[in-house]
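Biologist: I have not looked at this structure before. Could you take me through how to read its main features?

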Amino acid sequence: MSVPTTYLTIAREVTTEIEVKRSKFRCHLVRVETEEAARAVVEQARSEHWDARHHCSAFVLGPPPQPIVRSSDDGEPSGTAGAPMAEVLRGAAVHDVVAVVTRWFGGTLLGTGGLARAYADSVRAALAEAGTRRRLLMREHLLDLDHAEAGAVETALRGRGFRVLDVDYAQRVSLRVAVPPDDEESLAALVASMTGGGTTPTTENWVDETS
C-alpha cells in the first residue's frame, strides 16, 4: 500500500452556533497537531462556558491512513454526541483538527436521534465556514553552492516552483529546498545541469500548500 503524500486540514479556526428546539449548540473548530493541544481546547471551552451543560468533543490527529481519532459524549447519552461529531470530521477527510460542541439546554428533550443530528449538524456548519487547506509531504534537500552560482540557481528553483526554505551565505552558500518526493528527480536534474553537482536529502516534513 502506497504511503499518502497529501491530506486536508481546516483552513482557519472558527466558532459557529446553531439552535435546535431552543437548545444552543456552539461548535469551536481548531487546528491542532497533538492530543495535548486538542484536550487544552476542550478545557478552554469548559472554563469559558461554565454555565453550559455539555462540552462534547471529537478530534482527528495525524495524516492518513491511520490517524488518531477520539471522541467524548461528556454526559450526553452514549453515542449521541462525540461519535457523530467524529464521523462528520472523518467524512470530510480533515485531519489535525478538534471540534468542541458546547450545548446549552433549551428545555425540550431532543431524543437520541435528535441529539446525534444536532451535534453532527453543528460540526458540519463549522466545517463549511472553516474551509480546507491541503498539506503536502515534502522532502528537504540541502544544496552546497559557490557564491557565483547561488543567485542563478535560486532564481531557477523558484521559477520552476520549488520551495526555497532558507538561504545561508557563509564561505559557501547553502540552499534548503523542499520538494514532493515525486519531484526529486526533476530537482536533481536542474541542479546538475546548472552546477554539475548534486543534492543532499535531509528530512521529510508535512507542510501547508501555498496558495
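Modeller: Start with a definition: the expected span of a helix is 1.5 Å times one less than its number of residues. Keep in mind that this is a predicted model.

Biologist: How many residues does helix α1 have, and what is its reach from first C-alpha to last?

Modeller: Helix α1 (residues 35-48) has 14 residues and reaches 20 Å, close to the 20 Å expected.

Biologist: Which residues of α1 are buried, and which are exposed on the other side?

Modeller: The general idea comes first. An α-helix has 3.6 residues a turn, so residues three or four places apart point the same way. In α1, the buried residues are Ala38, Val41, Val42 and Ala45. Viewed down the axis of α1, the buried residues fall within an arc of 95 degrees, so they line one face of the helix. Glu36 and Ser47, on the other side of α1, are exposed.

Biologist: What covers the buried residues of α1?

Modeller: The cover includes β3, β4 and β6.

Biologist: Those are strands. In what order do the strands of the sheet lie?

Modeller: In general, strands of a sheet pair through backbone hydrogen bonds, either parallel or antiparallel. Here, 5 strands form an open sheet in the order β2-β3-β6-β4-β5, and the pairing is antiparallel. β2 (14-20) and β5 (68-72) are the edge strands, each pairing on one side only. From one strand to the next, the twist averages 15 degrees.

Biologist: How many bridges join β2 to β3?

Modeller: There are 7 bridges between β2 and β3 (residues 23-31), and these strands run antiparallel. As one example, valine 14 stands opposite leucine 29 in β3.

Biologist: Which residues have the most contacts inside the largest nonpolar core?

Modeller: In soluble globular proteins, nonpolar side chains tend to be buried together. The largest nonpolar core in this model has 26 residues, and those with the most contacts inside it are Leu29, Met85, Leu89, Tyr119, Val123 and Leu127. At least two residues each come from β3, β4, α2, β6 and α3, and α3 gives the most, with 8 residues. Leucine 127 touches residues including Ile10, Leu29, Val88 and Leu89. A second, separate core has 15 residues, among them Leu145, Phe162, Val177 and Leu187.

Terms used
Residues numbered from 1 in each chain as written. Predicted model: local features only at pLDDT ≥ 70, side-chain atom pairs only at ≥ 80, totals over all residues. Heavy atoms only, no water. Pairing = 2+ DSSP bridges. Helix = DSSP H or I, 4+ residues; strand = E, 2+ residues; numbered from the N terminus. Axes fitted to C-alpha atoms, helices over the stretch in contact; angles between N-to-C directions. Buried < 20%, exposed > 50% of the residue type's maximum accessible area, 1.4 Å probe, protein only. Arc of directions from axis to C-beta. Contact = heavy atoms within 4.5 Å. Core = buried A, V, L, I, M, F, W, Y, C linked by side-chain atoms within 4.5 Å.
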